Amino acid sequence: MATEVEKIVFAGADDRDLTKLAEYEAVGGYEALAKARAMAPQDVTEELITSELRGRGGAFFPTGRKWSFVPSKDQIPKPHYLVVNADESEPGSFKDNEIISRVPHRFIEGCLITAHAIDSKHVFVYIRGEYSGPYEILVNALEEIPKDVLGGVTIVVHRGAGAYICGEETGLLSSLEGKKGWPKIKPPFPAIKGAFGQPTIVNNVETIAAVPHIINRGAAWFAGLGTKTQGGTRLYSVSGHVVKPGVVEAPVSVTLRSLIYDHCGGIPDGRRLKAVVPGGSSAPILTADEIDVSMDADGLKAAGTMIGSAGVIVMDETVSIPEALMVVARFYAHESCGQCTPCRESTGWIYKMSHRIVEGKGRKEDLDTILDVAKRGAGTTICAFYDGAVGPYVSYIEKFREEFEALIPRDA
Amino acid sequence: MSLYEAIQEVRSIYPEDSESAVLPALRLAQEEHGWLSPEVIREVADALEVTPAFVKSIASYYDQFHLAPVGEHLVEVCTNVSCAVVGAQQVVEAFEGGLGCHAGETSADGKVTLRTVECLGGCGWATIVAIDSHYRTHVKASDVPAIVEELTGGD
């Protein structure tokens with residue numbers, strides 16, 4: 001059976017329509033905000049540091065520590081910004097969609113508490129352009145909020161227009177500033193020089209949604225729910241070949257096997273598991289006999305992969321891994337922003353090679369060429385996009401090489 | 001409210017001297033005109049007090065902006081990995097058959113533009129098909145004829 005876990009992010013959402021302000025207030029909504037505003041901003045940040053909340057967008061950075069990097073208004077008196085990354089575009093990840101759609105007020109409350117902690121009056125929520133449903137829910141929720149709850153903070157919902165790279169925090173800031181979504185070289189980090197050149201904190205939706213609970217029930221409680229390295233629960237987006245796909249709130253240390261078989265009902269129609277991508281499409285793939293692994297960052301790192309945005313893509317025995325690689329390679333080729341040569345060129349050529357392999361027109365040297373090109377480019381670009389593409393390129397081929405070789409003509 | 005006025009309103013939301021309003025302005029223009037012709041790009045540029053070349057550089061970077069005419073309805077099928085493993089390609093082919101055009105094209109009667117898109121962020125409810133930006137979930141190839149009828153019916 002699935003380990004019973006107290007729902008944190010979705011607390012109350014199974015019984016009530018928490019998109020409505022009155023319903024959210026009935027379950028204690030906005031009480032954490034009042035509590036936080038009675039605290040000094042640095043005390044709120046301290047509480048977050050103690051909670052061991054880590055960034056849920058994929059980079060896993062300790063949230064409270066990030067907030068502590070924002071210089072005080074004495075040092076930099078200009079506006080400070082909170083920018084929330086709701087550009088969820090990692091294939092396999094759909095948790096932020098669900099958070100905004102089901103608990104928009106909890107998310108807004110988290111934004112307002114965070115704004116208080118970093119002494120900001122300006123919040124931008126950058127939501128991907130395709131999320132028109134969640135956008136409407138969020139805007140409706142914002143319209144319901146009384147002025148005194150906002151406390152002089154403006155929350156602008158800024159819609160993207162279709163570009164995966166805008167989920168990368170500096171690419172997102174470029175896009176918010178009205179430019180192409182081109183990532184920027186760090187340093188300077190956004191906490192010092194971010195949106196419009198001012199101190200800016202960029203946090204993921206799921207990270208922000210955890211904040212009200214930490215203030216309400218205390219950092220020690222939140223830290224106690226997790227492991228040594230991270231507090232709280234985690235939202236796993238589970239898709240592909242499971243009986244019950246969806247967003248699962250479970251312990252940060254749940255095993256991949258338990259997620260698939262206990263929480264999501266296993267593989268449909270008695271078919272066999274073949275492979276799992278544990279952390280969104282950029283995470284290296286695991287074979288069916290590698291799923292007895294803890295989903296915390298350390299467990300997956302030891303297994304040679306990563307938790308990323310916790311998008312779990314389950315593939316049964318009907319899936320052709322070379323075809324899956326072609327689909328993933330097409331995605332990276334399409335979404336490369338084009339700034340850095342290794343990424344722009346390699347993603348395009350690797351897609352072409354993966355495509356011809358699937359068409360039965362591959363050449364003997366193609367697999368080694370892909371591996372060579374992939375590994376050479378890693379770490380040579382402005383942002384982590386290309387490193388993310390290398391994860392699937394290398395792992396799909398190294399773990400399922402025979403399946404690729406079977407498609408390449410012997411005389412090629 | 002005219003497009004010009006709507007763009008001025010959206011500009012006032014963002015810090016002065018920023019070009020942040022360009023994405024919302026292009027969205028407003030596209031909602032009004034259906035697609036972003038050179039004339040519409042110029043209109044947006046004038047309202048934002050920037051060059052048409054700058055506006056076009058932004059419009060051409062983002063997938064959701066149309067630089068060529070599209071049909072009355074836009075059908076977008078996610079073909080990324082979570083949808084692909086449960087049959088997105090068959091859904092695309094069913095639409096191609098039903099509409100008589102390939103992905104990337106508009107049906108002969110001008111009613112429906114069909115295209116494939118990368119992940120729409122609805123992986124647990126695959127296959128996702130966005131019809132005029134609204135998600136249909138769990139779409140199977142067998143559901144497609146009814147959707148085509150809904151979009152093209154009445155003839």
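1. How many of the eight residues of helix α9 (residues 169–176) of chain A are buried? In this predicted model, eight of the eight are, so the helix is largely enclosed by the rest of the structure. A residue is counted as buried here if 20 or more other C-beta atoms lie within 10 Å of its own. The residues concerned are Glu169(A), Thr170(A), Gly171(A), Leu172(A), Leu173(A), Ser174(A), Ser175(A) and Leu176(A). They pack against the strands β1, β2, β3 and β4 of chain A. Just after α9(A), the backbone of Gly178(A) adopts a positive phi of about 90 degrees.

2. The strands against which α9(A) packs belong to an open, four-stranded sheet of chain A, with the order β3-β2-β1-β4 and parallel pairing. At its edges stand β3 (154–159) and β4 (200–204) of chain A; each has a single partner strand, so one side of each is left without a neighbour in the sheet. From one strand to the next, the twist averages 20 degrees.

3. Within this sheet, β1 (residues 81–86) and β2 (residues 122–127) of chain A are joined in the parallel sense over six bridges. Leu82(A) is placed opposite Val123(A) of β2(A). Two further helices pack on the sheet. Helix α6 (residues 104–117) of chain A touches β1, β2, β3 and β4 of chain A, and its direction makes about 150 degrees with that of β1(A). Helix α7 (residues 132–144) of chain A touches β2 and β3 of chain A, with an angle of about 165 degrees between its direction and that of β3(A).

4. Chain A also holds an open sheet of five strands, ordered β6-β5-β9-β7-β8, in which the pairing is mixed. The edge strands, β6 (246–251) and β8 (286–287) of chain A, each pair on one side only. Strands β7 (residues 273–277) and β9 (residues 311–316) of chain A run in the antiparallel sense and share four bridges. Val276(A) has Val314(A) in β9(A) as its bridge partner.

5. The largest nonpolar core comprises 173 residues, and Val83(A) and Leu259(A) have the most contacts inside it. Helix α14 (residues 321–335) of chain A gives the largest share of this core, 10 residues. Neighbours within four places in sequence aside, the contacts of Leu259(A) are Tyr236(A), Val238(A), Val248(A), Ala250(A), Val254(A), Cys264(A), Met295(A) and Val312(A).

6. The domain assignment divides chain A into domain 1 (21–225), domain 2 (233–316) and domain 3 (321–405). Between domain 1 and domain 3 of chain A, the C-alpha centres are 34 Å apart. Contact between these two domains involves 10 residues of domain 1 of chain A and eight residues of domain 3 of chain A. The domain 1 side of this contact consists of six nonpolar residues, three polar residues and one charged residue.

7. Which elements of chain B give two or more residues to the side that touches chain A? The interface as a whole brings 35 residues of chain B into contact with 43 residues of chain A. On the chain B side, the elements in question are α2 (22–33), α4 (52–59), α5 (81–84) and β4 (134–136). The largest share, four residues, comes from α2(B). By class, this side of chain B has 19 nonpolar, 12 polar and four charged residues.

Technical notes
Residues numbered from 1 in each chain as written. Chains lettered and ligands numbered in written order. Predicted model: local features only at pLDDT ≥ 70, side-chain atom pairs only at ≥ 80, totals over all residues. Contact = placed C-beta atoms within 7 Å. Nonpolar A, V, L, I, M, F, W, Y, C, P; charged D, E, K, R; others polar. Core = buried A, V, L, I, M, F, W, Y, C linked by C-beta atoms within 7 Å. Buried ≥ 20, exposed ≤ 12 C-beta atoms within 10 Å, placed from the backbone. Pairing = 2+ DSSP bridges. Axes fitted to C-alpha atoms, helices over the stretch in contact; angles between N-to-C directions. Domains from an automatic or database assignment.
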